[in-house]
Amino acid sequence: MTKPPIPVGILSSKSGPYQAMGREILKSALMAIDEVNQSAEFDFTLAAHVRDPGGVIAEYHTACDDLIRNVGVEHIIGCYTSASRKQVLPIVERTERLLWYPARYEGFECSDNVMYVGASPNHNVVPLMRYVLGNLSRELFCVGSNYVWTWETNRVARELVSAADGRILAERLLELGESRVEHIVDEIVRRRPPIVFNTLVGSSSYDFIRAFHAATAGLDIPMLSCSLCEPELKIVGAAGAGCLTSSAYFESIRLPENRAFVARWKARYGDDSSPSVDGQSAYVAVFLLARALQRAGTSKVAEVRRAAAGHRYDSPQGPVWIDGDNNHCVLTPRLAVSNAQGQFDIFWEADAPVKPDPYLSQLDVAVRPSKDGRIPNAPHLRIVK
Amino acid sequence: MSKPSSFSLRGRKAVLAIKDERDASIVRRQFDRLGIEIASWAPGEPLDRPVDLILIDDDFLPVAEAAAFAVPEGCAVIVLLGTETPSRLKLVLDLDPSSFLVKPLRSAGIYAAVVMAFERIARTADMKQQLAKMEARLRARRVVLAALVQLMHAQGLPEPAAFALLRRMAMEQRKTIEQLAAELVAQSQTPRAAG
């Protein structure tokens, strides 16, 4: 018997400044959809309708409108930057659709019509800063893309650094897609900050990492990131090694679910390719959606939203579920250092999934950093051997 | 004690007077996420607990028991607007709101409205303090002038030099110019009154 298809929209940019991540999101979503369609667990199939806004912000609105009006989708997976999400938010809210948003983001939003599957700020920038302030340095040099993710991530960093009597030495911003990074690298070489916090995205980040690596060899200036991932390490090559990165997903996670996922990924996309954090998150989003559809017995948004809340899924990144209080994902924060093989060596992870705090309402900035290697305010973090 | 940041809302206390249950549930959910403590309240009832924030639906306006509705000092008011007609806005302005939200509510906008309301209250309190200081100075101007004239006569100084002397003495004694001036005037008046 043929299973009935449920149309699902995918909004992902295959060109533009963050095309690499857009492609990863698309690849992972399509892989997950194929797996759902072949699984006996589901009594429906998912029919993917892919739209490519080409990295042009206004096109997200047009493409989303097309998916809803002309295809009739109730569920959409995609968007990468917050600007792209904000473009589709009014349409999905007005038409009562559900956007399954895979990227980690800066928080301070909580729409009933979005499932925030990626990391919240308390999952990424907070544990990273706690670790750095307690173990490495209380002075940061910040360089980032000139948009909301950087602004807000740097604001949180500044609050935590200031509360620890530290200092933000500089905050340098580049427009999205900007490739002239030399003046910032020159300034870093001249000033020798103890640490550089990189919140650049896409091609600007790759250009910066290469130039930084070439200019600072032997200076021992570690770099921090909340977004670097394996496919990007392949793009930047050897220059990407040694970056201290905060993420919910690394290819090197030693879980059976992840090993099986990586094997399926490589079988599909080639041995030399790697899944990424945002891509894996799109994969998770498809499975959270499919299981919620199955339990709800309908694709109606209100029922799917209810069915998704609190349902645990043992995903490649470990157990995750949607927190019904705020539609954000409960997940496990991790810290790792990138190595010369284009992988990450994980050295911290939470010993239990952490509730999302999109408004950082539970964050106590006044907690002092610790010298004993523990991350204050994050009692669940443990060292991964 | 340092003032709480307007961005940090955990532990703030709010009362809600919202007619529509859907709007009320959106506010309650968002306040739970933000760590704001909530109690419901009917306009006209006395506010018998410490409150940082009042959310009031314009459907309750005008408040019948206006006399009972005294907004506590330092408490922010956010009004929920259903219509933008001047007649309704006039009633809204009578409450001197710090911020507003437009009905029907959605989760987006609530955090910003609350932050703006608290920031407005904090800045207004600063401004009131400044104003009180300025008023006190203005009131003291006669006394400062009297002290200045007294110094000019006693020391044979021109006005700029007398003022410089007054300011230096105030600094040395860690007093404001107004305080010192009042003391000088009082001292000079006592013997005259006695004599």
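The model is predicted, so local features need pLDDT of at least 70, side-chain atom pairs count only at pLDDT 80 or more, and totals for chains, interfaces and linings use all residues. Residues are numbered from 1 along each chain as its sequence is written, chains are lettered from A in the order in which they are written, and side-chain values use heavy atoms, with hydrogens and water left out.

**Overall form**
- Chain A holds eleven helices and 16 strands, where helices (H or I, at least four residues) and strands (E, at least two) are DSSP runs numbered from the N terminus.
- The radius of gyration of chain A is 20 Å, close to the 21 Å that the globule rule gives for 385 residues, so chain A is as compact as a globular protein of that length; this radius is taken over C-alpha atoms, and the rule is 2.2 Å times the number of residues to the power 0.38.
- Chain B has five helices and five strands, and from the N terminus on its elements follow the order β-α-β-β-β-α-β-α-α-α.
- For chain B the radius of gyration is 26 Å, whereas a compact globule of 195 residues would have one near 16 Å, and the C-alpha trace of chain B spans about 75 × 35 × 30 Å along its principal axes.

**Domains**
- Chain A is assigned domain 1 (5-119 + 254-330) and domain 2 (125-252 + 333-383), with bounds that come from an automatic or database domain assignment.
- In chain A, 36 residues of domain 1 are in contact with 33 residues of domain 2, contact meaning heavy atoms within 4.5 Å.
- Chain B is divided into domain 1 (13-128) and domain 2 (131-190), and the centres of these two domains, taken over C-alpha atoms, are separated by 47 Å.

**Burial and one residue of chain B**
- Buried residues (under 20% relative accessible area, with exposed over 50% and partly exposed in between, using a 1.4 Å probe and protein chains only) make up 60% of the 385 residues in chain A and 36% of the 195 residues in chain B.
- R123(B) lies in helix α3 (residues 110-155) of chain B, and R123(B) counts as partly exposed because its relative accessibility is 47%.
- R123(B) and L148(B) are 25 residues apart in sequence and 35 Å apart in space, C-alpha to C-alpha.
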